[in-house]
Structures are given as structure tokens and as C-alpha cells.
Amino acid sequence: ASRVMVASRNYADFASEATFEIKKCDLHRLEEGPSTTVVMTREEGLHYYKTMQTIRRMELKSDQLYKQKIIRGFCHLYDGQEACCVGLEVAIKPTDHVITAYRVHGFTYARGVPVREILAELTGRKGGCAKGKGGSMHMYTKNFYGGNGIVGAQVPLGAGIALACKYFGKNEVCLTLYGDGAANQGQIFETYNMAALWKLPCIFICENNRYGMGTSVERAAASTDYYKRGDFIPGLRVDGMDVLCVREATKFAAEYCRAGKGPILMELQTYRYHGHSMSDPGISYRTREEIQEVRSKSDPITLLKDRMVNTNLASIEELKEIDVAVRKEIEEAAQFATTDPEPPLEELGNHIYFNEPPFEVRGPNQWIRYKSVS
């Protein structure tokens with residue numbers, strides 16, 4: 001009890017907010033961009049820090065479980081890119097919509113799914129957010145549409161969600177994400193065209209982590225200015241390693257869409273620490289030194305931590321307490337994800353359609369029938 005009282009007295013000495021100068025965005029077809037002078041409250045900073053640290057630890061635990069062969073199949077980790085999903089989420093409303101590609105765990109957590117449900121989904125357990133049948137690529141929650149395994153295919157789906165927002169007269173936007181590896185897909189340019197013609201409230205977001213699988217952006221694209229790729233659509237190039245840069249750019253883009261001006265494009269310049277997936281060691285096409293340099297100079301969690309400590313928004317000791325609490329939460333979630341039962345075989349055909357009467361589904365063996373229920 002005395003420790004709590006000492007802590008509360010110390011915390012009362014912290015600043016309630018601080019002002020920061022952030023990197024200016026590069027602009028395309030825009031006269032003005034987001035402000036470079038931003039305010040962050042202590043409460044916001046602590047929330048951003050804990051969320052990013054939770055995602056980082058969750059991904060490191062996923063790496064460990066994969067190497068123990070408890071997680072199987074495809075697994076694409078998000079560590080290094082935490083500022084992207086956190087900065088995007090805190091700048092929009094819960095009623096807004098998000099759809100992304102297969103590097104999905106961070107977004108799933110940021111949209112409100114508990115760590116235990118994410119790890120249980122990765123281990124194929126009944127308590128997973130897709131009941132153990134989606135795995136690493138296919139995670140969903142309210143107003144979050146996954147997790148999609150086909151490269152670039154989620155982009156037209158995102159425009160469809162934005163069309164629904166406009167059709168039903170809701171003042172909502174759809175964040176439609178894809179990577180630099182998908183950025184050369186033809187369906188993305190077709191979607192740009194439709195979204196611009198129909199003035200859809202769609203924020204197209206290219207998470208440029210510099211490598212599409214094992215191919216660098218310089219080898220894959222004649223133009224690496226992804227924020228200009230929409231041509232007739234305005235664009236922003238953003239420091240994706242800075243949660244405040246991402247937050248401010250997203251607020252700007254969301255206001256643009258809500259004003260009825262149509263779509264806008266954001267390129268988040270970021271970096272993944274792991275390989276493309278767990279089957280990729282990530283050092284055959286880039287050096288260990290390159291990864292270490294990004295970690296030492298641009299790590300999103302370290303950047304936020306230094307800002308908060310240097311402006312008296314938090315102390316090192318307080319942030320260490322958050323780290324300890326996060327590690328405990330991850331360990332408990334991992335315990336659940338390794339002991340929760342797998343879904344029974346008779347549920348294999350369930351949830352094919354939503355809100356439909358039960359019907360029979362033929363399984364891998366044509367003589368065995370499963371019943372699908374919503």
C-alpha cells in the first residue's frame with residue numbers, strides 16, 4: 001500500500017501534456033498537409049506505449065511458439081511496424097472500418113481483440129478470435145475485415161466497404177491497407193479509379209516496409225513514390241516509425257474523406273524486423289547490420305519512450321512497470337493458447353454463411369457430412 005501511495009505522489013509531478021515537432025509529410029496534389037507541431041497528453045502517451053509494447057511482445061511470443069511447432073503454417077509478424085497500426089487506430093473512430101493484408105496481428109489487437117484470442121487463433125484453438133479456423137492471416141472483429149491472404153485483393157474490398165459507408169449515408173471512412181509488394185497490382189489501380197469517380201471515403205494506405213517478400217522496393221518498382229501512385233488522388237508520405245506522425249496524417253486524411261472530397265492515399269515508411277514470414281530468416285536479402293541500424297535509430301517504441309521521459313510525461317521506472325505487466329499478460333495469454341482445446345471436427349463446416357439455416361457440407365471425405373450453422 002505504501003508503494004502505491006509513493007507512486008501516486010510521484011505521478012502527480014508529471015506533466016499532463018507536451019508539445020512535439022514531428023517530421024513534415026511529403027505531399028502530392030495537396031497545398032497543405034498535417035501540422036508538424038502536435039500535442040500528446042500523458043494519458044495518450046501511456047496508452048500508445050502499452051499498446052505498442054503489447055504488440056511487440058505478442059509477436060516475439062508468436063515467434064517462440066512457432067519455433068516450438070505449436071503455431072503451424074503461415075505466420076507473418078508485425079514487430080517494427082507497431083507505430084503504423086497504433087497511430088492509425090487512435091486517429092479514427094470505432095465505427096470506422098479497417099481492412100488489411102496478412103500481416104494482421106497488430107491491427108487485430110489495436111481494434112480491440114484480446115491477446116489471448118489472437119494467440120489462441122494462431123495455435124488453432126477453440127478460444128481463438130476466429131474459433132481456431134482462421135490462423136495467422138484471417139482474424140476479424142467488429143468493423144475489421146481481416147486479414148486477407150491474396151496479395152492486393154483486400155483493396156477492392158475496402159473500396160466496397162467505403163461505398164457502403166457512402167450509400168448508407170454514414171459519416172464513416174474505410175482504411176484500406178496493402179504493402180509495397182502489392183502496390184504494383186492492377187486491381188489496386190482499378191480501385192483507385194472507381195474510388196475517385198465515385199468520391200468514396202476510402203483512405204488507401206501503403207505500408208512500405210521496403211521489402212516485398214525478399215525483393216527490395218528499388219528492384220520491384222520503377223517508381224517508389226507510392227504516395228503518388230494514385231496520380232489523380234491526393235497523397236501523403238509519412239514517417240511510419242513515429243506514432244505521432246501516423247496519428248496526425250490519419251486525422252488529416254479522415255477529415256479529408258469525411259468532407260466528401262473522395263479518396264486519399266497514404267504511404268507509411270516503416271520496417272519489419274522479422275523476415276517476410278516465419279519461413280524467411282530475413283537476412284539473405286538484407287544484412288543484420290541494416291536491421292540493427294533501424295532498431296537503434298528508428299525503433300517506434302524507443303522513440304516514444306524517449307519523448308515521454310525527456311518531456312516529463314513519464315519516468316523510466318513507470319514504463320518498466322508497464323513492460324513487466326505486459327510480459328505477464330503475454331505469458332498468461334500463451335498459457336491459454338497452449339492449453340485451450342482445439343475445435344471439434346464436427347464444427348469444421350460451421351460459419352460458412354452468416355444468419356442462414358443449417359445445411360450439410362461435404363468434408364474431405366465425401367461420405368462424411370458436416371452440418372454448417374451460423
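Tutor: Accessible areas come from the Shrake-Rupley method with a 1.4 Å probe; for residues, only the protein chains shown count as cover. The model is predicted: local features need pLDDT of at least 70, side-chain atom pairs count only at pLDDT 80 or more, and totals for chains, interfaces and linings use all residues. Residues are numbered from 1 along each chain as its sequence is written, and side-chain values use heavy atoms, leaving out hydrogens and water.

Now the patch. Leu 163, Met 194, Leu 197 and Trp 198 make a nonpolar surface patch of about 390 Å². Patch residues have over 30% relative accessible area and no salt bridge; like charges are joined within 9 Å, nonpolar side chains (Val, Leu, Ile, Met, Phe, Trp, Tyr) within 5 Å. A salt bridge is a side-chain nitrogen of Lys or Arg within 4 Å of a carboxyl oxygen of Asp or Glu.

Met 194 sits in helix α7 (residues 186–197). Helices (H or I, at least four residues) and strands (E, at least two) are DSSP runs, numbered from the N terminus. Met 194 is partly exposed, at 35% relative accessible area. The classes are: buried under 20%, exposed over 50%, partly exposed in between (1.4 Å probe, protein chains only).

Pro 357 is exposed, at 57%. This proline lies in the loop between α12 and β11 (359–362). Pro 357 and Ser 374 are 17 residues apart in sequence, yet 7.5 Å apart in space, C-alpha to C-alpha.

Ser 62 belongs to helix α2 (residues 42–67). Beyond neighbours within four places in sequence, Ser 62 is in contact (heavy atoms within 4.5 Å) with Ile 71, Leu 77, Leu 119 and Leu 122.

Helix α12 (residues 316–339) has 24 residues. Its buried residues include Leu 319, Ile 322, Val 326, Ile 330 and Phe 336. An α-helix has 3.6 residues a turn, so residues three or four places apart point the same way.

Step back to the whole. Of the 374 residues of the protein chain, 53% count as buried. Among contacts with a separation of 6 or more, 71% join residues 24 or more positions apart. The C-alpha atoms fill a box of roughly 70 × 60 × 45 Å, taken along the principal axes.

Technical notes. Expected span 1.5 Å × (residues − 1).
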